[in-house]
Amino acid sequence: MGCQGRTIGGIVGLASSRTVEVVAPKSSLTPCILDDDPAQLEMLSAVIADIGYETVLTSSPEEALQLVKSGHCRLVLVDVHMPRMDGYEFLNRVSRSDPGAHIILMTGDYTLESALEAIRRGASDFMPKPIDRTRLKRSLDDIAALYDQRRRVGALEEQLLKDLEFHGIVGKSPAMLEVFDFARKVARHYTDVLLVGPTGTGKELVARAIHQISPVSQQKLAVCNCSAMVDTLLESQLFGHVRGAFTGATDTRPGLFEFANGGTVFLDEVGETSLPMQAKLLRVIENREIQRVGSPEVRHINVRLISATNRDLRAEVLAGRFREDLFYRLSSIHIRIPSLKERLEDIPLLVQFLLKKYNGAYGANILGLTRRAQTVLLGHGWPGNVRELENVISSACITATGDFIDLADLPEQLQRPEARSRGDDDWKPLSLEEVRKVHIQRVLEMCQGNRLRTAQFLGIGRTSLYRYLKRDGLDTRKEKTGGAAA
Ligand SMILES: Nc1ncnc2c1ncn2[C@@H]1O[C@H](COP(=O)(O)OP(=O)(O)OP(=O)(O)O)[C@@H](O)[C@H]1O
Ligand SMILES: [Mg+2]
């Protein structure tokens with residue numbers, strides 16, 4: 001009954017002779033007391049038990065750090081003057097590895113300046129010794145209330161993540177909730193849909209969600225990336241071919257429209273198709289008719305078309321690169337997916353979702369982001385949208401050494417503000433050749449090294465891109481893959 005704390009870390013035999021009233025623990029905060037003086041440990045432990053908290057005692061800073069890391073103790077009361085690691089160094093180490101933990105520094109040399117300095121460095125409180133019981137109680141109760149509040153918020157956020165996940169798509173911004181709502185409404189009707197939005201915003205996810213909640217969810221969904229293939233290959237992919245239709249056509253094969261008959265075909269990057277291919281797609285939409293390459297036979301199919309583009313199709317029509325009639329047929333029901341920059345409030349939820357995903361995938365246990373890393377994420381422009389955020393979080397899950405993702409775990413262009421704001425501010429009278437080089441590098445960076453995507457953004461062929469990269473001495477890196485293909 002008289003023992004207030006469990007003792008570890010080289011201090012033994014701390015059973016107190018003092019008898020105190022047993023008080024039910026107030027909170028699962030479990031303060032840890034770190035002091036090299038056993039008498040202080042015993043004394044403080046008795047006081048804190050009397051206030052109503054169960055404590056853990058140690059004289060080893062490493063053990064105290066471990067107790068914080070494992071989540072066992074969320075508060076450490078630490079003596080400023082200790083031989084191996086002083087209280088400030090301990091505070092630094094905890095702030096780096098777990099910004100959510102609370103530290104109370106205790107000292108015999110209290111001054112107002114040192115107290116303010118400790119608070120500036122992230123301490124929850126700074127207490128003069130001998131410890132005043134009333135003051136200590138107030139401080140512990142305040143921290144416990146904050147801790148319990150954070151835990152409740154954490155549980156709510158977890159629930160929120162579940163509630164705000166729409167078929168694997170996460171978002172709580174009004175703009176995304178509107179997307180979910182509209183997608184839910186149109187999915188019920190077996191109608192064609194156009195998804196418009198910048199790269200990496202989740203168009204393919206929305207297409208899959210629409211299929212999943214449509215009346216034909218039991219039927220097939222075929223995905224075709226229209227920009228990944230030359231016209232002849234794309235035609236045979238979509239419409240199929242008969243044996244001997246072209247060199248290499250050694251057998252007769254149905255295309256994706258037949259494969260997904262009764263279900264859905266997702267045409268990604270439809271804005272990249274050629275005018276002749278657009279005419280064939282129009283025929284599918286208007287008459288639900290297809291012909292295998294090399295066959296005169298007309299086949300009737302019944303598929304829902306979901307198309308996606310990151311181009312402004314109206315501008316493409318005006319430029320003569322996209323058929324107006326196809327544009328109107330495709331866009332009668334369209335959903336615009338906003339860029340991540342337009343919905344920065346989704347970032348914390350997305351980060352939580354992605355951490356869960358990549359902790360699971362890599363067997364990691366990253367608990368979150370440090371405050372400064374969070375600030376950087378909220379200040380970034382996200383040209384690659386959620387795909388870029390996903391890449392940042394997944395690679396940080398591999399490289400992070402602590403339990404929290406910190407600045408050093410983020411890509412260089414996010415760490416250095418000058419790299420982030422390369423733009424009008426650092427305008428220089430460059431030659432056109434120089435501008436081309438810098439521009440290609442930036443687009444390549446945005447596409448995380450994916451050259452196919454880079455070429456698409458630049459509006460040039462892959463061969464031309466390779467030529468430029470070679471000329472600029474950038475062709476040595478291995479190509480990163482990505483993007484959906486059929
Ligand atoms: N709201 C979201 N919640 C969870 N993951 C998302 C979300 N939006 C995008 N992602 C993830 O980001 C990546 C890119 O998404 P997706 O391929 O659907 O984008 P896209 O708009 O089709 O891009 P592109 O135009 O380049 O083809 C995927 O890994 C996807 O899982
Ligand atoms: Mg896509």
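Ligand 1 lies between domain 2 (169-336) and domain 3 (342-421), because both give residues to the shell around it; the domain bounds come from an automatic or database domain assignment. This is a predicted model, in which local features need pLDDT of at least 70, side-chain atom pairs count only at pLDDT 80 or more, and totals for chains, interfaces and linings use all residues. Residues are numbered from 1 along each chain as its sequence is written, while chains are lettered from A and ligands numbered from 1 in the order in which they are written.

Now the shell itself. There are 20 residues around ligand 1, and Thr199, Gly202, Lys203, Glu204 and Val386 come nearest. A residue counts as near if its C-beta atom, placed from the backbone, lies within 6 Å of the molecule. At least two shell residues come from each of strand S8 (169-170), helix H7 (203-212), helix H13 (347-362) and helix H15 (385-399). Helices (H or I, at least four residues) and strands (E, at least two) are DSSP runs, numbered from the N terminus. The shell divides into seven nonpolar, eight polar and five charged residues. Ala, Val, Leu, Ile, Met, Phe, Trp, Tyr, Cys and Pro count as nonpolar, Asp, Glu, Lys and Arg as charged, and the others, Gly among them, as polar.

Next, helix packing. The axes of H1 (residues 38-51) and H5 (residues 133-163) come within 10 Å and cross at roughly 60°. Axes are lines fitted to C-alpha atoms, for helices over the stretch in contact, and angles run from 0 to 180 degrees between N-to-C directions. H1 and H5 are therefore oblique to each other; under 35 degrees counts as roughly parallel, over 145 as roughly antiparallel, 65 to 115 as roughly perpendicular and the rest as oblique. On the H1 side the contact is made by Val47, Ile48 and Ile51, and on the H5 side by Arg133, Leu136, Lys137 and Leu140. Contact requires C-beta atoms, placed from the backbone, within 7 Å. That contact has five nonpolar, no polar and two charged residues.

In the loop between strand S6 (125-128) and H5 sits Pro130, joined to Lys129 by a cis peptide bond with omega of about -5°.

The second pair is H8 (residues 231-239) and H10, packed at an angle of about 15° with axes 10 Å apart, and therefore roughly parallel. Asp231, Leu234 and Glu235 of H8 meet Pro276, Met277 and Lys280 of H10.

Last, Arg288 is in the loop between H10 (275-287) and strand S14 (289-291). Arg288 is not a glycine, yet has a positive phi of about 55°.

Notes: Two residues are in contact if their C-beta atoms, placed from the backbone, lie within 7 Å.
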